[in-house]
Amino acid sequence: AMLIPLSSFDKHPSNSRHRKATSRITKIVTYKRTLLLTIAILGIINYFRSSQYNTNNKLDAPSQHDTKIITSDETSSSYLYPPHEAHPFVYDYNPQNNNNDHIYDFFRKSSKKSPKVIEFYDPKCGACQAFKYNYIEIAKKIQEQKPNVQFYGVSCQVYKSICDDFGVKRFPKILVFPDDDGTTITKEDGIEVPKGTGTIYFVTARLMKALRTKEEIEMDRVASSKFSAGR
């Protein structure tokens with residue numbers, strides 16, 4: 001009898017096709033398992049990230065005018081501009097500080113008819129914390145040129161309804177009110193100034209532009225027209 005080498009079976013066309021099909025199925029199964037595992041891991045990571053974000057950006061809603069009693073232990077974590085660091089350049093909105101009427105009521109109706117710059121922030125926001133000292137320095141520089149401009153900060157963690165009234169969706173948000181005439185101010189009266197990278201020079205320049213009076217805007221327009229005509 002003639003013996004047939006086993007290697008000849010391996011070389012048979014049907015066996016070769018079977019091995020290729022098996023290899024292809026194995027690759028598909030492995031790919032699907034890897035894909036499902038990756039999706040599961042990404043889902044877990046996204047869940048924890050969103051949970052952390054919601055925790056850090058949770059805004060507690062006080063009563064209608066947000067007059068919330070803050071204990072001394074909470075003060076440092078609820079406000080970014082305490083008096084010993086920011087005064088007299090930046091004031092944090094705090095109705096409990098009723099020794100200063102223009103600070104107490106500046107949102108509803110200011111007793112001082114002067115331009116205002118207001119930063120709405122979340123004290124737990126990293127970008128707000130990083131911008132804090134730049135904002136104070138910007139206030140110093142602008143008040144050297146325009147002493148009547150008032151700078152404020154509003155903690156949206158403490159005064160959520162005020163931030164809602166001014167359409168605050170992200171932090172920090174800077175609004176400029178160049179023509180405050182002593183009447184109640186609204187978000188429609190404000191000019192939003194982007195913080196950008198928060199650089200003192202560029203934010204100061206953008207704020208100075210937004211703070212121009214109607215007369216200054218007209219003077220700039222005339223000067224620009226003359227410059228264009230002379231070219």
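Me: Why is Leu36 called exposed?

Reply: This is a predicted model, and in it Leu36 has a relative accessible area of 60%. The cut-off for exposed is over 50%, so Leu36 is called exposed. For orientation, Leu36 is found in helix H2, residues 13–56.

Me: What makes the nonpolar surface patch with Leu36 in it?

Reply: Four residues do: Tyr31, Leu35, Leu36 and Ile39 make a patch of about 450 Å². A patch residue needs over 30% relative accessible area, and Leu36 at 60% passes that.

Me: On to charges. How many salt bridges does a search of the whole structure find?

Reply: It finds seven. One of them pairs the side chains of Lys132 and Glu85.

Me: How do you know that Lys132 and Glu85 meet in a salt bridge?

Reply: The N to O distance is 2.6 Å. The rule asks for a Lys or Arg nitrogen within 4 Å of an Asp or Glu carboxyl oxygen, so this pair counts as a salt bridge. The pair links distant parts of the chain, with Lys132 in helix H6 (residues 126–145) and Glu85 in helix H4 (residues 83–86), 47 residues apart.

Me: Is Lys132 buried or exposed, and what makes it so?

Reply: Buried: its relative accessibility is 12%, and buried means under 20%.

Me: Why does Glu137 with Lys140 count as a salt bridge?

Reply: The closest N and O atoms are 3.9 Å apart. The limit is within 4 Å, so the pair qualifies. Both residues lie in helix H6, three residues apart, about one turn of the helix. Glu137 is partly exposed at 29% relative accessibility, and Lys140 is partly exposed at 30%.

Me: And what makes Arg170 and Glu192 a salt bridge?

Reply: Their side chains meet at 3.0 Å, N to O, and the cut-off is within 4 Å, so they count as one. Arg170 lies in the loop between helix H7 (160–165) and strand E4 (173–177), and Glu192 in strand E5 (residues 191–192), so the pair ties together parts that are 22 residues apart in sequence.

How values were computed
Residues numbered from 1 in each chain as written. Predicted model: local features only at pLDDT ≥ 70, side-chain atom pairs only at ≥ 80, totals over all residues. Heavy atoms only, no water. Helix = DSSP H or I, 4+ residues; strand = E, 2+ residues; numbered from the N terminus. Buried < 20%, exposed > 50% of the residue type's maximum accessible area, 1.4 Å probe, protein only. Patch = residues over 30% accessible without salt bridge, like charges linked within 9 Å, V, L, I, M, F, W, Y side chains within 5 Å. Areas by Shrake-Rupley, 256 points an atom, 1.4 Å probe, with all protein chains shown as cover.
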